[in-house]
Amino acid sequence: MAQPLVKKDDDRDDEVDYSPFLGIEKGAVLQEARVFNDPQLDPRRCSQVITKLLYLLNQGETFTKVEATEVFFAVTKLFQSRDMGLRRMVYVIIKELSPSADEVIIVTSSLMKDMTSKTDMYRANAIRVLCRITDGTLLTQIERYLKQAIVDKNPVVASAALVSGIHLLQTNPEIVKRWSNEVQEAVQSRAALVQFHALALLHQIRQNDRLAVNKLVSSLTRGSVRSPLAQCLLIRYTSQVIRESTNDTQTGDRPFYDFLEGCLRHKAEMVIFEAARAITELNGVTSRELTPAITVLQLFLSSSKPVLRFAAVRTLNKVAMSHPMAVTNCNIDMESLISDQNRSIATLAITTLLKTGNESSVDRLMKQITNFMSDIADEFKIVVVDAIRSLCLKFPLKHRSLMNFLSNILREEGGFEYKKAIVDSIVILIRDIPEAKESGLLHLCEFIEDCEFTYLSTQILHFLGIEGPKTSDPSKYIRYIYNRVHLENATVRAGAVSTLAKFGAMVDGLKPRIFVLLRRCLFDNDDEVRDRATLYLNTLGGDGAVVETDEGVKEFLFGSLDVPLVNLENSLKNYDPSEKAFDINSVPKDVKTQPLAEKKATSKKPTGLGAPPPGPPSTVDAYEKLLSSIPEFASFGKLFKSSAPVELTEAETEYAVNVVKHIFDGHVVFQYNCTNTIPEQLLENVTVIVDASEAEEFAEVASKPLRQLPYDSPGQTFVAFEKPEGVSAVGKFSNMLRFIVKEVDPSTGEAEDDGVEDEYQLEDLELVAADYMLKVGVSNFRNAWESMGVDFERVDEYGLGPRDSLAEAVNAVINLLGMQPCEGTEVVPPNSRSHTCLLSGVYLGNVKVLVRLQFGLDGPKDVAMKLAVRSEDETVSDTIHEIVASG
Amino acid sequence: MILAVLFANSEGNILVERFNGVPAEERLHWRSFLVKLGADNLKGVKNEELLVASHKSVYIVYTVLGDVSVYVVGKDEYDELALAEVIFVITSAVKDVCGKLPTERLFLDKYGRICLTLDEIIWKETVTFCVIANEHPFAFSSMDTAANVLPHPFS
C-alpha cells in the first residue's frame, strides 16, 4: 500500500529524505482511483490520487489500454464536483491519458459546457483540452465558441483559443483560416500575450500569401506592437519579407532596414538581440548596415547575464565566418571571455577569435588558449583543435607555433575522440604544409611512445610508413617504430613490423639494419607478428644487402588492392576452404557503391587518419590496374585521369548504368558500370553502342563486351576511342545498351537456354574540357605563381553577361575549367562586388597550370572577369583561354 | 520547439520531465546528458542564476532552485534567449506554488500543483501562458511579465 500524501508539516521539514511518494505502486494507485466513483466525492483526496497518477506517468510508468480506459471513465465522474482545484487536475489528467476517439465522446459535452462557463478558468482550460482531443467533425460544432473565445476580454481565454488555433492549423487548416477576422482583431489587443499569439497565428494563416505577409509587416512596423515577443516575431517576419524583396536599385536602400535598426534601441534586450541577429543575417549585408548591430552585440558581450553573453558571442561567431573584419572591433571583449565561467561561452569566444585574428595575433592568442585548454571538457577541446587546424591552413607560415601547440596538448590527458582530433589535424597539416612535415612526424612519433589507444598507434604507424621514408633522414624514425615491437600489444606490434618493412623496401640504405630488426620479430609470441616478419624477410630480397627492392615486390606488399574491400570480405566469407585456392580475380570489381563513396569524400573535409589516404589517387591506381589488364587498352600508355562516375540512367530503373571517362594522351576509354536490378533476368553479351557523330575528332577503336550480367552483380563493358594526341577534343556521345536477355527461373536460379536480343536507351555523355584537367592543389599559391614565372603568362578580359550573383559566376568558371580552388578562394563573401579566385591543376600532358581569376560586377548584374593563366607550356595557357572563350 | 523540461533533485534523480517530439529511445540520452551537465556546472551556482549550453543545434538553459535543478531544452525559434524567458516563468511559478525556494520534500508535496502549473505554462511544444497557481487562479502575482514570457510559436 502506498504511503498516503502527508499534509505539509513544519516538524518534518528537515527530513529531506522523506518523499510523499515513497513506495508508490501502480496497482495500489489504480485501486485508490476508485474513490472517483464515490457518490460523495472528496475533492482533496481525488486531487491527491490524480497527483499520484501524474507522478507515476512522469516516472516513466505506462498504463495498459484497459487501465487507461478505466481511469479515464472514472475521471469523467469528477466533472460532478464543483471544486475548482480538482477540475483543473481533471483537465491535466485527461490530456495525459490521451483517450481514444470513441472515449472522447464521453467528456465532450462536459467540456463544451465548461467552454461556455462563466468561470474564465474553465473556459480557457476546456478549450485547450477539447482542441487537444478533438477531431475535425467536433471542431465544426465548437468553432463558433472558439471564434468568440479569440476575442474574449479575458486575455487567458483569448490566448488559449489562439494557441489552440496554432496547433489546429496543422490538422484542420481550412477551419482555422476562417477565423482570420477575429485573429486580426486580437492582434490589436491591449494584452501583450494575446497580441503575441494572435500575430503568430495570423502569420501562419497567411504564410503562403506573400502579398498579405508584406501588408501585415508594413502595417505593424508603422504601428506600435506592445509585446516584446510579438516584436521579435515581427522582426523575423520582416527579415523574411526583406529576403524576398529586392533593394531599391536607385538609392541602394534596403526596405525595412530602418525598422530593424530602430529595434536596436528598443528597451527589451530580447528585441535588441533579435534585430541585431536579423541584420547580421541579411543577404549581402554591407559593413555600413552591419556596424550598429555589431555595436549592440559588443555591449552584450560584457553583460552580467550569461545567456546574453552566450547569445552575443554565438551570433558574432557566425558573423566571423562571412565578415571577419567586421568583428575585429569586439576582439578585446572576446579575449576577456576566454576566462568566462561558462565554458560554452569561452569556447565560442576562442573559435571566433581564431577566425578573426590576423597572422600577427596568432602567437598571443595561442598563449591564452594554452591556459584555457586545461580546464575545459573534451568536447570543447575538439572544437578548438578544429579551429586551430583551419587557422594553420590559413596562415601556413605560423605552422611552427600551431604545430607545437597541437603536440603539447597531445601529451596531456584526454579521451580518444579528442586525441584522434589532434592526430587528424597534425596529419592534415603534414599533408598540406610540406615545411611542417618533419616536425609533425616527430611529434607523432613521440606520441606513440606513450599512447594508450591501439587504433591511433596503428594508424600513426601506417602513416609513418608512407611519409617517413620520403623524409631527408628516415633512419631517425626507426627507433620509435621498433620500440613498439617491444612495448605494445600484438596489434600494434604487427603494425610496427609492417612499417619497418616499408622503410626497408623504400630506403635501400636502411635495408640491412631493418633486416636485423625484422629477424628479431621472428620470435614474437603472436602468430600475426611472426607471419608478417617472415613474409617481409622472404619477399624483400637481397638477404639484407643494400640492394634495390623489386618494384613488383613493393607493389605486392604495399600496393593497393584493385578490388573494393567490401567485395573482398564478402568473397572471403563465401569461400569454402578446399583444394582450390582462393582466386582474387574472382572478386567482383564492383563500383556500384563508388559514386556514394566519392560524394562523401568530396563533401567531407579531409579527416586525417580516419579516412583512407586521398580517395582519388587510389581510385586512379585501381582504374589503371584494371585498364592495363585489358589487352586492347594496354598500348594506350599511361592513364592521365579518370572522371567520377556519371549516371546514365535514372535511379530505380531496370538497369543501372554509370560511366567513368578514362583519359589517355591519344585515347579515351569509357567504362560503363552496369547493374541488372531484375532478379528474373540474366543479361548476356552486354555492350554499349556509342554514336559519336557529334564528336568528330573521335574514332572508335575497340569495344569490350561483358559476357554475363546476372542480377545485382555489377559488371563492366568498355568502349575505346582514338583522338588526336595531346589535344583536348570535346564532343557528345549517345549511348544504347544492347544485350541478350534470358529468363531466370526464380526457384532454381537457372537461366533458360534461349534469349532475346534487346536494347535500352541510355542518356547522352559529354566529354568536356574539364575532363582533361586534374585537380591538383598547391599549398602556397603565391610561391607557386612566382616560381612559375611570366614566360607563358596569358592575360585577357571577358564579359560573363548578367548573372544571379558573383558566387554563381565564380562557380561556373571553376566548373568549366575543372581546376582545384586554392586557399578557400572559391567562397565569395555575400556582399562583395569584386572577388579574386585562385585555381591550380595539371593539364593533359602533365603540364602544371595556375589561374588567377578576378571578378567584378559591372553595373547591377553584369559580371566582368580578368583571367590570368601561367603554365609550363604556352599552348596550354592559350588553351585555357580558348576554353573560357568558348564556354 | 521546446524539446524538454526537466526537474531533478540534487542527486540527479528526475522529479518531473516533459518531452515533446523527442523519440523515446533518445530520452535516456537526454536525461543523463542534462543531469551530467548539472553535476558538472551547478555546484556553487546561486539560485536562479541561469546557465546556458548548446549541444549540436539544440540549446539548453538551466538553473538551480533550492534543492531542485531545472533544465529547459529547445531548438529553432526557442533559442537561448527564448528559453531564458521560459525558465524564468517556470521558476517563478514553482516558487509561487511552494511559497519559498523548494526543498525536495516541499517540491514533492506540491507535486500536483507543479504539474498543473507546468501544463498551463507549456502546451505541447509551445509556451502558452502562465497562471500562477495561487488561491485565485488568475492572480498573475507580480506578473504582468507573465504576459511577456511567451516565446515564438513558429512552426
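**Note on the predicted two-chain model**

1. From the N terminus on, chain B runs β-β-α-β-β-β-α-α-α-β-β, which comes to 4 helices and 7 strands. Helices (H or I, at least four residues) and strands (E, at least two) are DSSP runs, numbered from the N terminus. Chain A has 37 helices and 17 strands.

2. On provenance and conventions, this is a predicted model, in which local features need pLDDT of at least 70 and side-chain atom pairs count only at pLDDT 80 or more, while totals for chains, interfaces and linings use all residues. Residues are numbered from 1 along each chain as its sequence is written, chains are lettered from A and ligands numbered from 1 in the order in which they are written, and side-chain values use heavy atoms, with hydrogens and water left out.

3. The next point concerns burial and surface. Of the 155 residues of chain B, 63% count as buried; for chain A the figure is 52% of 887 residues. Buried means under 20% relative accessible area, exposed over 50%, and partly exposed in between (1.4 Å probe, protein chains only). The accessible surface is about 42500 Å² for chain A, with 50% belonging to carbon and sulfur atoms. For chain B the accessible surface is about 5500 Å², and 50% of it belongs to carbon and sulfur atoms. These areas come from the Shrake-Rupley method with a 1.4 Å probe; for residues, only the protein chains shown count as cover.

4. Contacts between residues at least 6 apart in sequence may be sorted by their separation. In chain A, 64% of such contacts join residues at least 24 apart; in chain B, 49% do. Contact means heavy atoms within 4.5 Å.

5. Helix α2 of chain B (residues 80-98) has 19 residues, which at 1.5 Å a residue should span 27 Å; its end C-alpha atoms are 26 Å apart, which agrees. The expected span of a helix is 1.5 Å times one less than its number of residues. This helix, α2(B), is mostly covered, with 15 of its 19 residues buried. One residue of α2(B) is B:Val89, which is buried because its relative accessible area is 2%. B:Val89 and B:Leu118 are 29 residues apart in sequence, and their C-alpha atoms are 9.6 Å apart in space. After α2(B) comes B:Gly99, whose phi is positive, near 85°.

6. Helix α12 of chain A (residues 210-222) can be examined in the same manner. Its 13 residues should span 18 Å at 1.5 Å a residue, and the end C-alpha atoms are 19 Å apart, which agrees. The buried residues of α12(A) include A:Ala212, A:Val213, A:Leu216 and A:Val217, together with A:Ser218, A:Leu220 and A:Thr221. They pack against α10 (180-187), α11 (192-206), α13 (228-244) and α14 (257-263) of chain A.

7. Two packed helices are described by the angle between their axes and the distance between the axes. Helices α27 (residues 478-487) and α28 (residues 490-506) of chain A pack at an angle of about 145°, with their axes 8 Å apart. Axes are lines fitted to C-alpha atoms, for helices over the stretch in contact, and angles run from 0 to 180 degrees between N-to-C directions. From α27(A), the residues A:Ile478, A:Ile481, A:Tyr482, A:Arg484 and A:Val485 meet A:Val492, A:Arg493, A:Ala496, A:Thr499, A:Leu500 and A:Phe503 of α28(A). By class, this contact has 8 nonpolar, 1 polar and 2 charged residues. Ala, Val, Leu, Ile, Met, Phe, Trp, Tyr, Cys and Pro count as nonpolar, Asp, Glu, Lys and Arg as charged, and the others, Gly among them, as polar.

8. A:Asn125 lies in helix α6 (residues 120-133) of chain A and counts as buried, at 1% relative accessibility. Leaving aside neighbours within four places in sequence, A:Asn125 is in contact with A:Arg88, A:Tyr91 and B:Glu120.

9. A:Asp712, between β7 (706-709) and β8 (715-722), has a positive phi near 55° although it is a residue other than glycine; its relative accessible area of 39% makes it partly exposed. A:Asn846, between β15 (834-843) and β16 (847-858), likewise has a positive phi near 55°, and A:Asn846 is exposed, at 54% relative accessible area. A:Asp562 is found between α31 (551-558) and α32 (565-574) and is partly exposed, at 25% relative accessibility. A:Asp562 and A:Glu624 are 62 residues apart in sequence and 9.1 Å apart in space, C-alpha to C-alpha.
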